[in-house]
Amino acid sequence: MRFATFASLVLASIGLVSCGVDESSDAERRISVPGDYPTITAAVSSARPGTIIEIEPGTYHEAVEVRTERITIRGTDRNSVILDGKSDLANGISVVSNNVAIENLTVRNYLQNGIVFNGISAASKDTGVDPSVDYGTGN
């Protein structure tokens, strides 16, 4: 009897741990491209603050606009995760929100910018970034 009770408690504990992150909170959430979403744009569109978007190896032909604060866009391998504008798209990744990190990927063949951060606000205080300067507009 004791063993059955102990086993039930262990299984209940495992069930609680495996429930995952509360989707309604700002807790860290991981999204995989192309595992969960076929494109980086689709993953970014579904992201909430605190989301980490992990991009698997491949060449992605898209222009991504980031409007969600506090997300990370991370390639799994900087040599094989490639955003390619095919010399046709203006910007690879345009960030218009605060506290966005872009890591470990290659961006190439865009007409203006590979990665551009616009609308830097007072949230950048004490970082060396001057909010009165328009950084990376491509002009």
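Colour the protein chain by pLDDT, the predictor's confidence in each residue on a scale from 0 to 100: the chain averages 81, and 66% of the residues score at least 70. Next select residues 5–24, where the pLDDT is below 50 and where, beyond near neighbours in sequence, the model has four contacts, a contact meaning heavy atoms within 4.5 Å. This is a predicted model, in which local features need pLDDT of at least 70 and side-chain atom pairs count only at pLDDT 80 or more, while totals for chains, interfaces and linings use all residues. Residues are numbered from 1 along each chain as its sequence is written, and side-chain values use heavy atoms, with hydrogens and water left out.

Now turn to the strands, which are DSSP runs of E with at least two residues, numbered from the N terminus, and which pair if DSSP finds at least two bridges between them. Four of them form an open sheet with parallel pairing, in the order β1-β2-β5-β8. Select β1 (29–33) and β8 (101–103) at its edges: each has a single partner strand, so one side of each is left without a neighbour in the sheet.

Within this sheet, select strand β2 (residues 51–55) and strand β5 (residues 72–75), which run parallel and are joined by four bridges.

Finally, select β4 together with strand β7 (residues 91–95), a parallel pair joined by three bridges, and find V66, whose bridge partner in β7 is V95.
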